[in-house]
Amino acid sequence: MDRILIFSVFFVLLFSSCVPNKKLVYLQKGNELKQSFPKDSVIRIYNLSDYEYRLQPEDILSIRFQTLTEDEYNIFLNQQAGIGANGQNITLGGYLVDREGYIRFPEIGEIKVSGLTIHELEDKLENLARNYVEQPVVKIFLLNYRVTILGEVNGEGTITTNNNRLTIMEAIASAGGLSELADRSKVKIIRQQNGQSSIFYINLLQEELMQRSSFFTHQNDIIIVPPLKQRPFRKYFGPNLGLFVSTVSVLLLAINLISN
């Protein structure tokens, strides 16, 4: 009877540690895990959030000017090679946006960039450059877009990219994906903007996340993935449970033999 009780407790604990698929599969819709769908057919369409990153202080920008003006008359030629001049704020081959939101060019002066999208800044610089060169084209890339991912991921760390439309899913994939014991329904985001840190939660199990602005990361986001409640059992208690049951069984057997 004692042995039956012990094994009953063992199986209850074992099944309570199982993680169902509905807690593991990303971007679900309703009860679709139990449904079948026609192949090669569009099931649903979502309009993505109209999100464009807006520049902020401490961003580092790669700015390249292209023009039909001959090199000897091209005042922006040194910028193509990433060569700095007095008064310029150039780092890592790019321009650092200062705390007031400005970058500085010796040729055209101080320019307010904070709050602009990259495309807006390209247009602004092209209009200014027309005063100096012929048919300018400006290409801008963000060099230090960073997102930090911590918790139940397969590779904690900070991701640096020049993709300023990085989605939450892309950031997680860059960290090696979530572990099997990650709670995908309560992912914490710490967002730093305008000298403040805002905190909110997202649910990676919901397909509707794709049409929300929170589907996209922001510069300097910190993503914290918590564990499922099954984690302590699976990671610590589970591996030792078999040894515990075997030990108790041997003790019970010894007690029965002595009592007989």
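Author: Let us begin with a helix: α3 has twelve residues and spans 16 Å from its first C-alpha to its last, close to the 16 Å expected at 1.5 Å a residue. The expected span is 1.5 Å times one less than the number of residues. Helices (H or I, at least four residues) and strands (E, at least two) are DSSP runs, numbered from the N terminus. The model is a predicted one, in which local features need pLDDT of at least 70 and side-chain atom pairs count only at pLDDT 80 or more, while totals for chains, interfaces and linings use all residues. Residues are numbered from 1 along each chain as its sequence is written, and side-chain values use heavy atoms, with hydrogens and water left out.

Reader: Which residues of α3 are buried, and what puts them on the same side of α3?

Author: The buried residues of α3 are Ile118, Leu121, Glu122, Leu125, Glu126 and Ala129. They cover an arc of only 135 degrees around the axis, and therefore lie on the same side of α3; the arc is that of the directions from the helix axis to the C-beta atoms. Buried means under 20% relative accessible area, exposed over 50% and partly exposed in between (1.4 Å probe, protein chains only). The cover over these residues includes β1, β4, β5 (109–112) and β6.

Reader: What makes a set of residues a nonpolar core, and which members touch the most others?

Author: A nonpolar core is a set of buried Ala, Val, Leu, Ile, Met, Phe, Trp, Tyr and Cys residues joined through side-chain atoms within 4.5 Å. The largest one here has 44 residues, of which Ile63, Phe105, Leu125, Leu204 and Ile223 touch the most other members. At least two residues each come from β1 (60–66), β4 (102–105), α3 (118–129), β6 (137–142), β7 (145–151), α4, β9 (187–193) and β11 (221–225).

Reader: Why is the pair of Tyr53 and Tyr145 called edge-to-face?

Author: The structure holds five aromatic pairs. Rings of Phe, Tyr and Trp (its six-membered ring) pair if their centres lie within 6.5 Å; planes under 30 degrees apart count as stacked, over 60 as edge-to-face and the rest as tilted. The centres of Tyr53 and Tyr145 are 5.6 Å apart and the planes stand at 80 degrees, so this pair is edge-to-face. Tyr53 is in the loop between α1 (2–16) and β1, and Tyr145 is in strand β7, so the pair ties together parts 92 residues apart in sequence. Tyr53, at 5% relative accessible area, is buried, as is Tyr145 at 0%.

Reader: What makes the pair of Tyr95 and Phe105 tilted?

Author: Their ring centres are 4.8 Å apart and their planes at 40 degrees, so the pair is tilted. Tyr95 belongs to strand β3 (residues 94–96) and Phe105 to strand β4, so parts ten residues apart in sequence are tied together.

Reader: How do you know whether Asn164 is buried or exposed?

Author: Its relative accessibility is 18%, so Asn164 counts as buried. Asn164 lies in the loop between β8 (157–161) and α4 (168–174). Leaving aside neighbours within four places in sequence, Asn164 is in contact (heavy atoms within 4.5 Å) with Tyr51, Tyr53, Ile118, Leu142 and Tyr145.

Reader: Why is Asn203 also called buried?

Author: Asn203 has a relative accessible area of 19% and is therefore buried. This residue lies in the loop between β10 (196–202) and β11.
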